[in-house]
Every structure is written in structure tokens, then in C-alpha cells.
Amino acid sequence: MTTPAIGKTILILGARSEIGLAVAHAFAARGYAIQLAARNAAALEAEKADIEVRFRVPVTLHEVDALDFAAHEAFVGGLPALPDVAVCAIGTMGAQADNEQSVEATVMELRSNFEGPAGLFTVLANRMVARGSGALVGISSVAGVRGRAANYVYGSAKAGFTAFLSGLRNRLAKGKTGVHVVTVLPGFVNTRMTAGMDLPAKLTAEPAEVGAAVWKAVERGRNVIYVRPIWQIVMLVIRHIPETIFKKLSI
Amino acid sequence: MILSGWGRYPRLECAVSRPRDIAAAAALCAAGPVIARGNGRAYGDAALGVPATLDMRSLNRMLAFDDAAGVLVAEAGVTLAEVIDVFLPRGWFPAVTPGTRFVTLGGAIAADVHGKNHHKDGAFSSCVEWIELLGPDGAVRRVSLTEQPELFGWTCGGMGLTGVILRAAIRLRAVETGWIRQRATPAPGLKSAIELFEASAEATYSVAWIDCMAGGGSLGRSIVMLGEHATRAELGADQRADPFVRKRKRAKTVPFDFPQIALNSLSVRAFNQIYYGVGAWNAGESLIDFASYFYPLDALLEWNRIYGRSGFTQFQCVLPLAASFDGLTALLRAITKSGQGSFLAVLKRMGVQQSRFSFPMEGYTLALDFPIRRGTAALFGELERIVIDHGGRFYLAKDAFLSAQALRAADPRAADFATMRADTGTAPRFISALSERLQL
Ligand SMILES: Cc1cc2nc3c(=O)[nH]c(=O)nc-3n(C[C@H](O)[C@H](O)[C@H](O)COP(=O)(O)OP(=O)(O)OC[C@H]3O[C@@H](n4cnc5c(N)ncnc54)[C@H](O)[C@@H]3O)c2cc1C
Ligand SMILES: NC(=O)c1ccc[n+]([C@@H]2O[C@H](COP(=O)([O-])OP(=O)(O)OC[C@H]3O[C@@H](n4cnc5c(N)ncnc54)[C@H](OP(=O)(O)O)[C@@H]3O)[C@@H](O)[C@H]2O)c1
């Protein structure tokens with residue numbers, strides 16, 4: 001077991017998400033204090049108790065709505081400490097059938113997966129730069145690599161977020177700011193978001209695998225990670241299918 | 001979704017949902033008959049609900065720990081593996097544990113599981129301070145030895161048929177280390193194995209492996225294994241560097257469905273190595289880590305695939321003390337003759353058990369695996385008769401074959417259990433394939 005990293009803090013944005021909680025567990029196991037931020041954060045008392053009992057680290061709860069842009073500065077400023085690591089697990093995956101038919105649904109999907117997370121990371125990044133250290137971890141998706149009929153509204157929002165993370169990483173690295181950005185493209189994960197879908201077992205990670213992978217990526221300063229290595233191959237293939245063929249596929 | 005128990009038989013199409021909080025679990029219960037499912041380690045059909053199965057594994061939060069008393073309050077989906085990971089390094093171990101740590105608290109309570117210390121410490125219910133149970137009316141009740149003790153008694157060992165266990169408080173055992181002092185003694189036959197158990201009532205843990213191929217004068221040839229939690233002072237230099245066994249061997253996964261022969265030859269080899277080798281090991285005494293001692297099979301993930309596609313079942317019965325020798329002799333003869341069982345069976349002395357519908361009784365329990373084949377049901381019929389004739393009973397957490405009649409013949413408590421289910425309104429609300437088969 002690693003020695004506890006006493007005095008370090010991680011912020012989880014979208015802390016009701018099982019992926020977000022798994023990341024919290026992975027860092028708590030190494031001694032990080034935990035800030036759980038979510039909508040209706042008061043309902044996360046059981047999750048807070050769970051982390052405190054298992055890992056004996058302090059846990060605080062914070063209210064955040066990614067779509068309340070005007071409140072982003074105040075939210076970050078109101079945290080008990082600017083975290084060393086911030087992870088954004090915020091996202092929605094609406095039904096593609098609804099998104100296709102409704103402008104409102106499409107806009108909500110784009111904002112929840114892209115604009116909200118980008119807004120929060122803008123505030124956090126600038127404060128981390130001012131401090132001179134930090135890591136930002138964005139949970140994006142392989143769905144953003146290439147738009148598919150099955151979920152292109154979600155996918156395009158994630159594509160936007162992925163590009164945002166890549167650009168932010170470039171800016172912070174060039175400026176030698178001490179702040180690092182990790183992009184996570186998890187592939188399928190067995191969570192509430194995918195409940196009821198028939199997912200191939202070999203391609204589907206458990207939330208705990210994502211938690212462990214994020215810990216490793218932050219430790220090693222990795223840039224872009226897939227959780228299960230097989231996704232690297234799958235996406236290599238998908239990227240290289242010519243558009244004339246791709247547009248006729250149902251994948 | 002097609003579901004099965006650990007034995008992969010039977011497989012049934014079940015509607016499965018995975019509540020993530022208590023409100024969601026309550027809403028699912030209100031919608032129609034359900035059965036709770038933990039980690040699916042019961043062998044047969046106990047955790048299969050065709051109309052609705054509640055996968056409880058997301059209700060897995062630890063809520064409080066009292067480190068003076070060693071009492072953990074947790075949701076029902078927490079597994080003993082998690083309890084060990086968190087609390088062994090702080091000097092606590094489950095007070096009662098079955099032969100796999102991949103069971104949930106809900107499953108351990110519902111089957112009132114027993115461990116190698118049953119003769120001394122009783123079944124899992126003996127370490128349960130209270131349970132929060134979601135009943136047929138949607139209300140959550142706290143039940144314990146003092147609050148609604150009747151319902152508490154029926155729920156421990158009630159196989160999920162009294163309601164959904166949401167949370168529980170369990171008492172852990174203080175230990176100085178994660179190591180076990182084991183003493184293995186070969187017993188050339190059943191009589192000497194029983195004598196060894198009877199002489200070892202003071203041992204914290206006791207269990208025996210029986211060689212099921214040995215007939216005639218060697219019938220019941222076994223290795224009796226006793227264990228104690230090692231103190232710090234008893235550790236050697238190697239173990240002292242890692243008193244709570246944080247460095248674990250990595251578990252391996254069985255990659256594909258396995259031919260039966262491979263398994264039998266593996267276990268034959270392991271048995272013989274110990275049986276003939278014990279003399280050489282320091283009078284049979286050794287220090288082994290808790291995982292190898294309690295959970296040897298957990299090191300091989302998905303080992304149930306070893307039995308191949310058609311699945312397997314486990315036969316486990318308990319016989320009252322006075323009838324144990326005769327009953328076990330008859331069972332072992334029938335098994336040896338059939339040539340169908342796995343090579344090894346597990347024998348264990350059980351202590352007195354008070355609860356309403358739990359499996360254990362004072363006497364001897366025998367458990368062994370059978371691959372599902374054409375003759376399996378017939379052999380089980382024969383074993384059932386022997387058990388009933390000797391006043392024994394069957395473990396529902398392992399069973400997939402028993403008939404409602406055989407259950408009632410073996411266990412007069414079954415009729416009371418069914419009456420309780422009718423009277424409390426639980427019968428139409430909590431339904432599993434097992435409750436239908438056994439008409440509970
Ligand atoms: C390798 C191996 C070794 C074993 N060794 C032993 C042993 O030594 N001693 C022993 O006693 N058993 C043993 N067992 C059996 C096992 O301990 C029990 O079957 C246990 O109940 C499994 O727990 P689970 O969480 O997997 O529950 P499941 O198998 O999913 O369910 C078992 C029963 O518990 C009920 N249940 C589960 N969760 C809840 C809940 N939240 N509320 C209400 N009911 C619930 C189900 O309805 C079902 O009736 C062993 C099993 C295996 C695979
Ligand atoms: N599961 C997968 O297969 C998979 C694969 C690749 C990527 N991902 C991504 O991984 C992340 C976590 O997903 P998950 O699988 O754990 O699913 P999840 O449980 O649905 O998590 C998403 C979380 O985002 C929160 N959220 C949504 N809109 C928000 C808003 N406006 N403000 C604040 N929080 C908001 C939700 O909060 P509420 O609880 O308040 O609704 C929810 O907890 C998501 O970004 C998802 O897109 C998932």
C-alpha cells in the first residue's frame with residue numbers, strides 16, 4: 001500500500017456518478033481528502049460516510065449545477081481548499097430518438113456534456129495556474145471520436161469536450177504552469193448510464209477499473225487514456241474506416 | 001436476462017434491476033413480487049426471481065464503524081471481501097465466514113451462513129446486531145434479538161423470503177494478525193475423523209477434506225484441519241513483515257469451460273500431497289495466510305466454469321450427532337459406488353443452532369460438488385432418502401433439486417415457515433425459483 005498523501009485534496013464534479021465515486025475511492029485509498037460536488041449534494045450522506053469509514057479521510061459535500069454558469073466562480077471560490085486534483089464526471093446520455101426530434105433535448109445534451117464541464121474547468125484551471133500546480137481530469141468518451149447514428153448528439157458534445165481538454169492541456173503545458181490535463185475515454189462502463197444496455201463483457205469496464213486507471217494516469221502524468229487497452233485498437237480501426245463506408249455502417 | 005446461481009444450474013430468464021438507493025428498492029418492491037440477489041454465490045435457484053430480481057450490489061455503502069466494539073453498520077450489498085480489505089489492516093476479521101469471501105452481507109444473513117467455527121461460535125446470525133428489513137407493506141423495520149425477534153429469527157436463514165435486507169449491523173472479531181496457525185492431521189477412516197473432531201471442540205476452526213474415492217476400510221479417509229488466529233508473537237520473521245497479509249497472490253481466472261477430468265486430477269494431487277506429506281511438515285503445523293486458509297477457491301475466479309457448460313450442483317446435508325456415523329457411512333458408500341461426485345467432500349462438525357429456519361444443527365455436515373449429468377437427479381434421490389432416514393436436513397443455499405415433499409419430510413420447520421409467510425403477507429410479495437419449487 002502507498003503511504004497516505006496527507007494534505008492533498010481531490011474534487012469530484014458529478015459525485016453521484018459511479019465513475020466519479022470510484023475515482024474518489026481510488027484517491028481516498030491513497031490518503032486524499034475528498035470533496036464531493038453534485039446537484040442535491042445533501043443526499044450524498046451515505047457516500048460520504050462510506051468513504052470516511054473505508055479510508056478514514058475527511059469528506060465534504062458541495063452543491064454544484066454545471067448549467068448554472070453564473071455560479072461557477074462562486075462555487076470554486078467557496079470550496080474549503082482549492083483541490084490538487086479535479087475530476088469531472090458530469091454528463092448525460094439522453095435517448096438519441098428524443099435528441100433527434102427536439103432542439104431543447106439536443107441543446108441540453110450539448111450543454112451538460114460540454115459547456116457545463118468546460119465552464120467549471122475554465123475556472124479551476126485558472127486558479128490552479130495561479131497557484132502553480134494541479135491536475136484536471138475530464139471524463140469524456142470514445143463516442144466523441146466519430147459521430148455515429150446511434151448517439152451523435154451525445155458524441156458530438158463529448159467531441160467538443162475532448163477538443164477542449166486537448167487544447168487546455170496544450171495551453172497549460174506550453175505555459176509551464178505546473179497544471180496537467182488528463183483526458184479519459186473509458187469505453188463502456190457498467191453504471192446507471194448504461195443500465196439495461198446489452199454491452200459486450202470484454203469491452204465493458206467496472207467503475208473501479210476507471211478509478212484505478214485515473215489514479216495511475218494522474219500519478220504518471222498521462223495525457224489521454226482508455227481504460228481497457230482493447231479500446232485503443234477498436235478506436236484505431238474506427239478512426240480509419242473511410243467515410244464512404246462508415247456512413248453506411250450500423251455500429 | 002438469463003441468470004443462474006454459482007452452479008450455473010438452473011438457468012432462468014429473469015427480469016433484473018439494480019436499485020442504487022433505498023427508495024429505488026422500495027419502488028421496485030411495490031411494483032410486484034421480487035427476490036433480492038446478492039453476489040450470486042448460492043449454488044442453485046435461491047437468488048433467481050423470474051418476475052423480478054433485485055441485484056443488491058449497488059447498495060454497498062459502509063455507514064459507520066464503532067472501533068471500540070468492532071461493530072460495522074453497512075448496506076446489504078457490501079461483501080465480506082470488502083469488509084476484510086478495510087478492517088483486517090485495523091485488526092478485525094468477520095466473526096463468521098463461509099468458504100468464499102465474495103458473498104454480500106444480505107446473502108450471508110439470508111442463508112445464515114456457517115463457517116469453520118460453527119461448533120464454537122454459531123452461524124452468521126450470531127454476529128448480527130440488527131437488520132433493517134423492507135417488508136411486504138413497503139415499510140422498513142429494524143429487527144434484532146430484542147426488536148421483533150420473531151421476524152429477526154425468520155429472516156436469518158429465511159433465504160430472502162421475509163423481505164429485502166437493506167442494512168445491517170455486524171460484529172467483527174478482533175485479531176492480532178491475518179495469519180492462521182493450521183494443524184493438519186490425517187485420519188485413515190471416518191471413525192478416526194469423527195474422533196478427531198470430537199477431541200477438538202476447543203479449536204476455533206475445524207474442517208476436514210474427505211477422499212470420496214476411497215472405499216472399504218478406507219471409507220472416509222480424510223485430513224482434519226484445525227486452525228487458530230495467530231498472535232503477533234507466533235509469527236515468524238517472514239510473516240512479521242506483513243502481519244495483515246497485504247501482499248496477496250493475484251487471483252487467476254478460469255479462461256474457458258473446463259473438462260471435468262482436469263479438476264479431479266488437480267484435487268487428487270492436492271489431497272495426496274497433504275495426506276502423505278503431513279508427517280514431513282513439522283507435525284502438520286503451519287502458518288498460512290487467511291485467504292489460503294478460508295478461501296482457497298477464491299484464488300481461482302470463475303472456477304465454476306471448471307465444470308463445463310452443463311453446470312454443477314452441490315449436495316450439502318447435516319446429520320444429527322447420534323446418527324452421524326451411520327448416516328455418513330451410508331452417504332459415502334452411495335457416493336463412492338456412483339462414481340459421480342467430485343473427488344473431495346468437506347466434512348464439518350456443527351454446534352447447536354437456535355434460529356428458526358437456518359440450516360445448521362448439532363452434528364456433522366457433508367458437502368460435495370456434482371457435475372450435472374443424466375444420473376444426477378437419481379443419485380440425489382438416493383442421498384435424500386438416506387438423509388431423511390437419519391433425521392438430517394438440507395442446505396437450501398446449495399440446493400437445486402429437492403422437492404417440496406422431501407423438504408417437509410426432512411424439516412418440520414418448513415411448514416411453519418410457509419405458514420409464517422402466508423400470515424405475514426410475504427408469500428405473494430417475495431418469490432424466488434426456490435420458493436416456488438419448495439412451495440414455501
Ligand atoms: C466456493 C463457495 C463456498 C461456500 N462455502 C460456504 C460455507 O462454508 N458455508 C456456508 O454457509 N455457505 C457457503 N457457501 C454458500 C454461500 O455462502 C451462500 O449461498 C451465500 O448466501 C451467498 O451470498 P450471496 O451474497 O452471493 O447471495 P446470493 O447467492 O445472491 O443469494 C443467496 C440468498 O440470499 C438472499 N439474499 C441475498 N441478498 C439479500 C438481501 N439483501 N435481502 C434479502 N435476501 C437476500 C437471496 O434471495 C438468496 O435466497 C459457499 C459458496 C461458494 C460459491
Ligand atoms: N457509463 C459509460 O459507459 C460511460 C462511458 C464513457 C463515458 N462516460 C462518462 O462518464 C461520466 C460519468 O458517467 P456515469 O456512467 O457514472 O453515469 P451517471 O451516473 O449518469 O453520471 C453522470 C453524472 O452527471 C451528473 N450531472 C448531469 N448533469 C449535471 C449538471 N447539470 N450538473 C451537475 N451534475 C450533473 C449527474 O448528476 P445527478 O445524479 O444529479 O443526475 C450524474 O451523477 C459521464 O460524463 C459519462 O458521459 C460514461
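Mentor: An N or O atom in the side chain of Tyr395(B) lies 2.7 Å from an oxygen atom of ligand 1, and Tyr395(B) is also listed among the closest residues to that ligand, together with Ala36(B), Arg41(B), Ala42(B) and Thr104(B). Please keep in mind throughout that this is a predicted model.

The backbone of chain B takes part as well: a polar backbone atom of Asn39(B) is 3.0 Å from an oxygen atom of ligand 1, while a backbone N or O atom of His114(B) comes to 2.8 Å from a nitrogen atom of ligand 1. Taken alone, ligand 1 would expose 960 Å², and the protein buries 95% of that. The shell that surrounds ligand 1 holds 34 residues, which divide by class into 20 nonpolar, 11 polar and three charged. Several elements of chain B contribute to this shell, with β4 (35–37), α3 (105–110) and β11 (164–174) each supplying at least two residues.

Side chains supply polar atoms here: one in Arg39(A) lies 2.9 Å from an oxygen atom of ligand 2, an N or O atom in the side chain of Arg192(A) is 3.0 Å from an oxygen atom of ligand 2, and a polar side-chain atom of Asp65(A) is 3.0 Å from a nitrogen atom of ligand 2. Of the 880 Å² that ligand 2 exposes when taken alone, the protein buries 92%.

Returning to chain B, consider how two of its helices pack. The axes of α10 (residues 321–338) and α11 (residues 376–389) of chain B come within 9 Å and cross at roughly 170°; since an angle over 145 degrees counts as roughly antiparallel, α10(B) and α11(B) are therefore roughly antiparallel to each other. On the α10(B) side the contact is made by Gly327(B), Ala330(B), Leu331(B), Ala334(B), Ile335(B), Lys337(B) and Ser338(B), and on the α11(B) side by Leu379(B), Glu382(B), Leu383(B), Ile386(B) and Val387(B). By class, this contact has eight nonpolar, two polar and two charged residues.

Two backbone details in chain B complete the reading. Tyr9(B) and Pro10(B) are joined by a cis peptide bond with an omega of about -5°, and Pro10(B) is found in the loop between β1 (2–4) and β2 (11–13) of chain B. Gln148(B), although it is not a glycine, has a positive phi of about 45°, and Gln148(B) lies in the loop that runs between β10 (140–143) and α5 (149–155) of chain B.

Methods. Residues are numbered from 1 along each chain as its sequence is written. Chains are lettered from A and ligands numbered from 1 in the order in which they are written. This is a predicted model: local features need pLDDT of at least 70, side-chain atom pairs count only at pLDDT 80 or more; totals for chains, interfaces and linings use all residues. Side-chain values use heavy atoms; hydrogens and water are left out. Axes are lines fitted to C-alpha atoms, for helices over the stretch in contact, and angles run from 0 to 180 degrees between N-to-C directions. Helices (H or I, at least four residues) and strands (E, at least two) are DSSP runs, numbered from the N terminus. Angles under 35 degrees count as roughly parallel, over 145 as roughly antiparallel, 65 to 115 as roughly perpendicular and the rest as oblique. Contact means heavy atoms within 4.5 Å. Ala, Val, Leu, Ile, Met, Phe, Trp, Tyr, Cys and Pro count as nonpolar, Asp, Glu, Lys and Arg as charged, and the others, Gly among them, as polar. A polar contact is a pair of N or O atoms within 3.5 Å; within protein, one must be able to donate a hydrogen and the other to accept it, and residues adjacent in sequence count only if both atoms are side-chain atoms. Accessible areas come from the Shrake-Rupley method with a 1.4 Å probe; for residues, only the protein chains shown count as cover. A residue is near a molecule or strand if one of its heavy atoms lies within 4 Å of it.
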